Structure formats: C-alpha cells, structure tokens
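This briefing is meant to be read beside the sequence and the model.

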Amino acid sequence: MICAKNPFIFQTGLNLLEITGKKARNLKELADLIEDVPLSVIYYHTHHFLPFQQYVSPKSPNDFAYWIKKELHEEVLSEKIIALDLQRPLGIYELKERMLQLIKKYFANDEYRAYDARSGKEFNFIKAKVFIMPTGYKAYDLFELYDALKSVSTDSIYFHLFGTDSHFEKCVNHFSCWLRDELKEEALADCISQLDPFVFYAMETLRSQLIRPIYKRLKAVKT
Amino acid sequence: MSIDEYISVVGKGPVEELKILADKLSGKVIKTINSTQMGGGVAEILNRIVPLLNELGVLTKWEVIGGSADFFSVTKKIHNALHGAPVTITDEELDLFLQNNKINMEEMDLNGDIVFIHDPQPVALIEKKEELGNKWVWRCHIDTHTPDWRLWRFLKKYIEMYDASVFSSPSFAHPLSIKKFLITPSIDPLSLKNQELSKETIDSVLGKFDIKRNKPIITQISRFDRLKDPVGVIEAYNLVKKSVDCQLILAGGTAVDDPESAEVLSEVRERTEGDPDIHVLLLETPADIEVNALQRASTIILQKSLREGFGLTVSEAMWKGKPIIASAVGGITFQITHDYNGLLTRTIEGTAYAIKELLCNPGYAKRLGRNARESAKQNLLVTRHIRDYLLLFLSLYHPGDIVYM
C-alpha cells in the first residue's frame with residue numbers, strides 16, 4: 001500500500017453566522033440582492049444543510065429555492081433552481097449567475113405572480129464567517145484515513161467535501177484530490193468525488209457513505 | 001459535568017474541536033453579565049455554559065446586576081415592550097433604569113478581555129467601555145420582531161456602542177451599525193432537567209403533586225407570565241375536555257427579575273378553581289428533576305406563548321421525544337416544522353383542535369416526537385452553543401470572512 005509523501009491533514013471549517021440585514025420580500029428584490037451580496041453569502045445559502053429540515057426528506061441545500069417555494073409559492077422556479085444541483089460541481093460564481101438567469105427569465109413566465117412574502121417571512125441574507133483549523137488528525141495511507149474518518153466531526157468531513165477556495169469561487173473535494181495525487185487511487189477518488197452530501201438524510205449517513213468505499217478498497221488491497 | 005461526558009451524546013470530534021477552539025482563546029478573560037442567577041432561560045443557559053467554558057480553559061466569570069423592585073418592574077416593562085406588548089414606559093422610568101445601570105457600573109468589576117452582556121437590563125453598562133478599553137458584546141434573547149420603536153431607539157444608542165451583537169433569529173435584528181451574529185440558544189442533555197429519569201423517579205414526582213396517570217396529561221411548563229398565555233392554555237384545555245377526557249398541568253417558577261408573576265399566578269388559580277383535573281404547580285427554583293419528570297410523564301407538551309425569544313421549554317420537550325403543540329411565534333418557528341416535528345398553532349381553537357388530534361392519534365403523536373428528538377440532537381445542544389460562543393469571541397480578534405487558525 002502506498003504511503004503518502006504529504007499526509008492528509010484533517011481540518012475543520014466552523015461557521016459563525018452573521019445577519020447581513022439585507023432581506024428580500026419578493027422575487028425582484030431577491031434577484032437584486034443575489035446580484036449584490038458577496039459570494040460568501042451565496043456560498044452559505046447554497047452549501048449547508050437546511051437547519052431543522054434534514055430529517056424531513058433529503059432537501060436541496062439551496063435556501064433560495066426553498067424560500068421561493070415555501071413563501072412565494074413559485075414551485076416551478078423553485079424546482080428549476082433545485083435542479084441546478086444536477087450540474088455540480090459548479091463554481092459559486094457560476095451557480096449565482098445561473099440562478100439569476102433562471103429568476104430573470106421567470107419574470108416573463110405566465111406562472112409568475114409577483115407575490116410578496118408575509119411580514120416576518122422575508123428572505124434574510126446570512127453570511128458565514130468560516131474558521132478553518134486543523135483537528136489534529138492526519139493520515140498517510142488508506143488505513144489511517146479510514147480510522148480518522150470514524151472520529152473526526154461531521155463539520156470536518158463537510159469541510160473536506162465542500163471546501164472552498166479563499167475567495168469562495170470554487171469548491172474542492174479535498175479527499176478526492178489527495179487520493180488521486182498522493183495515493184494514486186484514481187477509482188476511489190472518482191467514487192468519492194461523486195458523493196453528494198445533500199442526498200443523505202443526515203450528516204452521519206454522509207460519514208458512512210464516505211467510509212464505505214474506502215473500507216471496500218482496503219479489503220480488496222488485503223486480499 | 002465534564003466536557004468529555006458529552007462525547008457519549010455528540011461524538012468525539014465535536015468535543016475535540018471545542019478544546020482546540022478554547023485553546024485559541026487561552027489567556028483571555030470573559031465577563032458575562034445578566035440580571036438573574038436563577039429562573040428563566042438565560043440564567044439556565046449560563047449555569048451550564050459558564051462551568052464548561054472554564055473547564056475548557058476559557059476563564060469566564062459570571063456576575064449579576066443588582067436592583068430595586070422598582071428597577072425590575074421597569075425592566076419587565078422594557079422586556080414586554082420589546083416583545084411588542086402595549087406598554088407605556090415613562091421618561092422617569094427610563095431615568096430609573098439608567099440610574100440603576102450607573103450604580104451597577106460603579107459597584108461591579110467590569111474588567112475582562114470580553115464583557116458579554118445579556119438582554120436589556122444591563123445594556124447601559126457599556127458606558128464604561130471607553131474607560132476600560134475592552135471588547136463588549138450584547139446578546140439579545142428576546143423576540144424583538146415588532147418592538148415598541150421608541151424604546152428600541154432608546155436602547156439602540158447603547159447597543160451601537162458595543163463591538164458586536166447576537167440575536168436568536170434574523171427577524172429579531174433591526175438595522176444596527178455594529179455586526180449582528182445569529183446564535184440560537186441550547187439545552188444541556190446531561191443536566192438534571194434533561195437527563196434520562198427512571199420510572200420510579202417520575203412516579204415519585206407525580207405522587208408529590210398528587211397527579212395520577214389515569215388520563216392523558218397535557219402540560220405547559222413556563223413562568224407565570226402573560227406572554228406565555230396560561231389563560232389561553234386553560235381555555236384550549238376546556239374546549240378539548242368537552243369531548244376527550246384529559247388533565248392539564250400548568251407548572252412554573254418565578255424569577256427575581258419578574259415581579260408580575262404572582263399576579264398572573266393568582267389569576268390562573270382563580271380560572272382553574274373547581275376542576276380537579278387541572279394542576280397548577282408553583283415550582284421552587286430550581287426544580288429541574290420535577291420539570292424533567294413532568295415533561296416525561298406528559299402525553300403532549302404545550303407552549304402557547306404569545307411572544308417567545310426562543311422557547312427553551314420547547315427544546316427540552318423535543319429532546320425528550322415528546323409531541324409538541326406550540327404557537328407559531330418567535331424562535332419557536334425556528335425549532336418546530338409544522339406537521340414534521342410538532343404542530344404549530346395560532347389560536348386557542350387551533351390549539352384545542354391540535355390537542356384532540358394528537359390524543360386521538362397516538363401513532364402520529366409518536367412520530368412527531370421521534371422527529372423532534374432527532375432535530376434537538378442535531379441543533380439544540382449545549383456543545384453547539386459553546387462552539388458558537390467561542391467563535392464569536394474569536395471573531396472579535398479576527399476580521400475577514402475566512403479565518404485560518
């Protein structure tokens with residue numbers, strides 16, 4: 001089994017949420033603000049599990065789509081925005097542009113009703129201030145990676161699956177990169193890069209989905 | 001309770017991360033200040049969080065402001081007015097409020113790297129900031145969605161002198177010139193109020209209050225406060241009682257900073273006189289085991305608040321896997337998703353209907369309770385809350401959207 005020259009250093013990304021004070025009552029205001037806010041805000045609203053929703057059903061991580069459906073009752077547009085998920089991996093900027101295109105196109109649609117959300121149900125733009133730090137876990141080979149994955153927090157797993165560059169422009173799957181570059185595990189890297197954290201009911205399910213192909217590969221290597 | 005004991009609830013990784021974060025704050029002293037040591041959600045949270053922060057190595061000192069009965073009458077009015085209740089606060093009362101803050105300012109030791117002030121009662125202590133040169137954070141636990149605007153403008157002058165503010169919901173945060181962070185409160189799964197209890201303990205508490213398990217138990221645990229609408233609860237119960245036999249528990253304590261509770265309690269007693277199936281219990285603070293047992297013995301938990309900052313009693317009931325019916329107000333809507341992990345209602349009639357619905361469909365009630373427990377585990381526990389506070393403290397020293405530590 002190959003031992004990496006550069007270990008996989010487990011980090012974690014912890015979010016402190018900041019209320020930007022910007023809120024949208026309707027689709028037009030939403031589009032204007034999506035255009036206006038920094039990418040860190042778009043990143044937050046499209047890359048986190050919807051709080052208190054994740055046990056209902058696997059939900060799109062897209063808060064905009066959720067709000068458009070729940071508060072504006074624009075189901076068609078909501079579905080189209082959710083479906084952008086199929087085009088992952090998209091950069092944050094690209095995702096923002098495609099959402100804006102869909103919303104602006106929708107204004108000309110017969111379905112569009114120009115509703116205002118009720119008072120107190122506006123879309124509140126939240127910014128995540130991300131603190132990135134090492135967890136103390138590292139792995140030089142598949143065994144160590146497997147062991148560490150059993151202990152680290154789900155925030156750490158999430159961070160490495162959805163890590164962003166320092167400008168919030170693109171997302172990088174750190175596990176796949178390391179497996180490919182350091183261990184030459186192309187097939188395993190491909191398999192993990194296809195994991196979509198948002199199709200699972202809970203973060204712990206995500207952990208087991210990540211561990212499973214590594215375990216299978218370890219068994220194959222042993223035999 | 002040791003921080004390592006939480007590993008059995010949340011896993012090893014999150015607890016290790018708390019230790020790493022705390023280490024980054026090593027040497028800093030936090031001074032946290034509120035208006036009561038016991039009674040109410042804020043004191044309860046601080047009672048859990050302060051010892052854990054200290055164990056993690058973040059030296060945290062907790063102090064409580066003093067004040068006369070008149071001062072606390074004014075702060076209660078301020079509290080209600082921030083919730084949007086129709087209250088008139090005179091200039092003389094605001095003067096008394098400021099005067100009391102000044103006295104506390106002189107008497108209290110406000111040193112520390114970070115002074116963490118909770119709610120409006122001690123908000124004006126901030127006037128000491130310039131002299132001390134330390135960092136100050138104001139934490140609002142109240143539903144300020146529709147406040148009395150005159151009062152909000154009065155408080156805003158002080159709030160904007162802080163380095164940062166914290167709210168439990170974006171809709172509570174009005175425009176301010178300082179940063180506004182979003183942090184939801186929490187419950188402690190290992191506290192006496194939330195830990196597992198044996199059947200014997202639960203039975204003994206029921207015995208103490210002479211409550212039998214011969215009919216379904218509907219319970220609201222809350223301070224005797226008009227904003228918790230105990231009278232509305234009684235009316236909802238009366239509507240249900242016409243068709244489904246059940247009993248009602250209204251249980252709560254009092255707090256030093258709530259002079260109105262005795263009046264509300266007496267009104268509640270008057271309204272319930274003559275019905276042996278209504279148990280009005282004035283609990284001596286702390287009454288953690290009693291509250292825990294009453295919640296666990298209940299068939300349904302109610303939280304029929306008219307306003308609610310967050311509603312920790314809802315979180316507690318969720319953690320215990322109980323079916324909950326709660327008002328769609330304030331922070332409750334953050335916790336309960338209607339028809340998934342509880343039921344949200346808006347009227348007395350709606351609450352009565354929901355009670356009947358759950359009493360008649362125990363399988364549905366059980367499913368709501370199971371989902372509530374999972375939601376609480378994911379979002380409402382004290383370990384997540386401590387993590388957010390540590391990040392908040394660190395944010396005062398680390399600007400920027402991404403911080404590499």
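Leaving aside its neighbours within four places in sequence, which residues is B:Leu390 in contact with? They are B:Leu18, B:Leu21, B:Ala22 and B:Leu25, where contact means that the C-beta atoms of two residues, placed from the backbone, lie within 7 Å. This is a predicted model, in which local features need pLDDT of at least 70 and side-chain atom pairs count only at pLDDT 80 or more, while totals for chains, interfaces and linings use all residues. Residues are numbered from 1 along each chain as its sequence is written, and chains are lettered from A and ligands numbered from 1 in the order in which they are written.

**Chain A and its interface with chain B**

- Chain A has ten helices and four strands, these being DSSP runs numbered from the N terminus (helices H or I, at least four residues; strands E, at least two), and along the sequence they follow the pattern β-α-α-α-α-α-β-α-α-β-β-α-α-α.
- Of the 223 residues in chain A, 38% are buried, a residue being buried if 20 or more other C-beta atoms lie within 10 Å of its own, exposed if 12 or fewer do, and partly exposed in between, with C-beta atoms placed from the backbone.
- Among the contacts in chain A between residues at least 6 apart in sequence, 69% join residues at least 24 apart.
- Between the chains, 29 residues of chain A are in contact with 36 residues of chain B; the elements of chain A that give two or more residues to its side are strand S1 (8-24) and strand S2 (123-139), and the largest share, ten residues, comes from S2(A).
- By class, that side of chain A has 14 nonpolar, twelve polar and three charged residues, where Ala, Val, Leu, Ile, Met, Phe, Trp, Tyr, Cys and Pro count as nonpolar, Asp, Glu, Lys and Arg as charged, and the others, Gly among them, as polar.
- S1(A) pairs with strand S6 (residues 179-182) of chain B in the antiparallel sense over two bridges, with B:Phe181 as the bridge partner of A:Glu18; two strands pair if DSSP finds at least two bridges between them.

- The buried residues of H2(B) include B:Leu18, B:Leu21 and B:Ala22, and their cover includes S1, S2, helix H6 (142-151) and helix H7 (154-162) of chain A together with helix H1 (7-10) and H16 of chain B.

**Strand S3 of chain B and its partners**

- Because five of the five residues of strand S3 (residues 114-118) of chain B are buried, the strand is largely enclosed by the rest of the structure; B:Ile114, B:Phe116 and B:His118 lie on one side and B:Val115 and B:Ile117 on the other.
- S3(B) pairs in the parallel sense with strand S1 (residues 29-34) of chain B over four bridges, and with strand S4 (residues 135-139) of chain B over five bridges.
- In these pairings B:Val115 is the bridge partner of B:Lys31, and B:Ile114 stands opposite B:Lys135 in S4(B).

- Six strands of chain B form an open sheet in the order S9-S8-S7-S10-S11-S12, with parallel pairing; the edge strands, each pairing on one side only, are strand S9 (278-282) and strand S12 (343-345).
- Within chain B, five bridges join strand S7 (residues 217-221) to strand S8 (residues 247-252), and B:Gln247 is the bridge partner of B:Ile217.
- Helix H12 (residues 312-319) of chain B is mostly covered, with eight of its eight residues buried, among them B:Glu316 and B:Trp319, and just after this helix B:Gly321 takes a positive phi of about 70°.
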